[in-house]
Amino acid sequence: MKATNQLFDFHPDWLSHTLANASADLPETKTSLPDGIQVSRKANGVLWLTPPADRANPNQEALIISAGVHGNETAPIEVLNTLVSELFSGEWSLACPLLLILGNPPAMVAGERFLDVNMNRLFNGAHGKTEHTGLPEARRAQFLEEMCRQFAMAHQELALSHYDLHTAIRPSKRERFALYPFVEGRSVPSGQCAFLLEAEVETLLLQHKASTVFSSFTASTLKAESFTIELGKVEPFGRNDLRRFRGIERALRRRFRGEPAPGVHPPFDHLTVFEVVHEVLNTGPSFHFHVPDDVANFTEYPPGTLIWEDDQGGYQVGTAPEAIVFPNRAVPVGQRAGLMLRASGAFRARPG
Ligand SMILES: O=C(O)CCC(=O)N[C@@H](CCC(=O)O)C(=O)O
Ligand SMILES: [Zn+2]
């Protein structure tokens with residue numbers, strides 16, 4: 001199709017174009033789809049789509065969807081690519097402005113989480129730290145912040161949501177879970193909970209402080225309703241069982257098309273909610289992490305369990321059981337080695 005070829009230079013799809021140009025500094029390229037959607041490839045792996053001004057946007061929203069901020073988390077990248085291919089081949093029509101981001105193309109090509117520095121610790125301005133000067137991942141994070149800022153400015157009259165799609169390094173006792181960045185005084189809107197259930201995400205983690213992850217930037221700075229969503233486990237391109245990702249694919253397609261939310265149905269009729277009670281940081285040479293390397297996300301520890309210690313102190317589970325997510329001792333000093341969670345209730349959606 002003409003529009004696809006113009007934007008993707010004869011590559012069959014957006015993903016293969018993005019991988020083939022992983023380190024290229026591509027100029028902005030614009031085209032339009034036969035149904036009038038304006039498409040701008042802002043840079044490699046970044047598409048800004050705008051429906052015609054007279055098209056209805058029934059949900060009155062604008063969406064930022066990112067994947068591949070970690071290069072080896074490939075399933076959500078494949079899901080986004082499928083949706084872009086459907087849109088470009090005219091299978092359905094877009095109702096809302098959309099900013100689509102494949103975060104770290106060089107790391108995607110390498111099949112690595114990141115190359116020089118974890119890009120999902122570089123937002124909210126952290127890309128500007130002197131130790132990151134000149135690093136491609138820092139430049140990319142700064143560019144992505146700028147794209148999101150411009151997109152939010154261009155659509156101030158619409159409700160802005162950002163879903164940053166990931167897969168986890170370890171197996172998980174809860175297959176899909178979302179993290180809600182902390183913003184003072186804010187609580188999760190019920191419509192967002194219903195969307196997570198629609199996407200077959202049944203667990204929600206409430207963060208306890210703002211951070212340097214992408215979703216925290218869009219939540220804090222752009223006032224978006226933002227979530228990091230963990231959709232399964234890391235696998236290389238082509239090795240994902242995409243049937244396990246149909247929930248998010250369907251739910252995003254429905255939002256892109258501007259259709260109303262469907263009713264909720266068991267088993268995806270309630271979200272189990274956890275709150276972060278402690279962030280485990282690698283404190284340096286004397287840091288000793290007592291959680292084994294291969295423990296699954298949401299493994300629960302009874303009260304009093306020693307989670308980590310160093311020569312200054314440590315952390316023990318409090319009076320109620322706590323679960324761990326993202327245990328990872330191999331992080332640089334000062335970075336997160338895990339999150340300790342306490343169950344804090346449930347969101348039960350009204351039956352559809
Ligand atoms: O499985 C893991 O250990 C990491 C999976 C992952 O990349 N998670 C995100 C979570 C971001 C957030 O806290 O919102 C990350 O660590 O960047
Ligand atoms: Zn990730």
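User: Where does strand S5 sit, enclosed or open?
Analyst: Strand S5 covers residues 98–102, and five of its five residues are buried, so S5 is largely enclosed by the rest of the structure. Keep in mind that this is a predicted model.

User: Which residues cover which side of S5?
Analyst: Leu98, Leu100 and Leu102 are on one side, while Leu99 and Ile101 are on the other. These residues are all buried, and both faces of the strand are covered.

User: Which strands pair with S5, and in what sense?
Analyst: Strand S3, residues 46–50, pairs with S5 in the antiparallel sense over four bridges. Strand S4, residues 61–67, runs parallel to S5 and is joined to it by five bridges.

User: Which residue in S5 is the bridge partner of Leu49?
Analyst: Leu98 is the partner of Leu49.

User: How does the chain cross from S4 to S5?
Analyst: The chain passes through helix H3, residues 75–88, on the way. This β-α-β crossover is right-handed.

User: New topic. Which residues are around ligand 1?
Analyst: The residues around ligand 1 are His70, Asn120, His166, Ala168, Ile169, Arg170, Leu179, Val213, Ser215, Thr228, Phe326 and Asn328.

User: How many of the shell are nonpolar, polar or charged?
Analyst: The shell around ligand 1 has six polar residues, five nonpolar and one charged.

User: What about Lys30, buried or exposed?
Analyst: Lys30 is exposed, because it has 12 other C-beta atoms within 10 Å, and 12 or fewer counts as exposed. Lys30 belongs to strand S1, residues 29–32.

User: Which residues does Lys30 touch?
Analyst: Leaving out residues up to four places away in sequence, Lys30 touches Gln38, Val39 and Ser40. Lys30 and Leu47 are 17 residues apart in sequence, and their C-alpha atoms are 9.6 Å apart in space.

User: Which residues have a positive phi, then?
Analyst: Two examples are Glu200, with phi near 65°, and Lys223, with phi near 60°. Glu200 is in the loop between helix H6 (190–198) and strand S8 (203–206). Lys223 is in the loop between helix H7 (214–222) and strand S9 (225–233).

User: How is the chain divided into domains?
Analyst: The protein chain is divided into domain 1 (2–256) and domain 2 (277–348). Their centres, taken over C-alpha atoms, are separated by 28 Å.

User: How many residues does each domain put into the contact?
Analyst: Domain 1 gives ten residues and domain 2 gives eight residues. By class, the domain 1 side of the contact has five nonpolar, four charged and one polar residues.

User: What is the strand order in the sheet with S11?
Analyst: The order is S11-S13-S14, an open sheet of three strands with antiparallel pairing. Strand S11 (288–289) and strand S14 (314–316) stand at the edges with a single partner strand each, so one side of each is left without a neighbour in the sheet.

User: How many bridges join S11 to S13?
Analyst: Two bridges join S11 to strand S13, residues 306–309. One pair is His288 with Glu309, which is in S13.

User: Is Trp308 buried or exposed, and where is it found?
Analyst: Trp308 is found in strand S13 and counts as buried, with 22 C-beta neighbours inside 10 Å. Apart from neighbours within four places in sequence, Trp308 is in contact with Val280, Phe287, His288, Phe289, His290, Gly314 and Tyr315.

User: How far apart are Trp308 and Leu33?
Analyst: Trp308 and Leu33 are 275 residues apart in sequence and 55 Å apart in space, C-alpha to C-alpha.

Notes. Residues are numbered from 1 along each chain as its sequence is written. Chains are lettered from A and ligands numbered from 1 in the order in which they are written. This is a predicted model: local features need pLDDT of at least 70, side-chain atom pairs count only at pLDDT 80 or more; totals for chains, interfaces and linings use all residues. A residue is buried if 20 or more other C-beta atoms lie within 10 Å of its own, exposed if 12 or fewer, and partly exposed in between; C-beta atoms are placed from the backbone. Two strands pair if DSSP finds at least two bridges between them. A crossover is right-handed if, with the strands pointing away from the viewer, the path from the first strand over the helix to the second runs clockwise. A residue is near a molecule or strand if its C-beta atom, placed from the backbone, lies within 6 Å of it. Ala, Val, Leu, Ile, Met, Phe, Trp, Tyr, Cys and Pro count as nonpolar, Asp, Glu, Lys and Arg as charged, and the others, Gly among them, as polar. Two residues are in contact if their C-beta atoms, placed from the backbone, lie within 7 Å. Domain bounds come from an automatic or database domain assignment.
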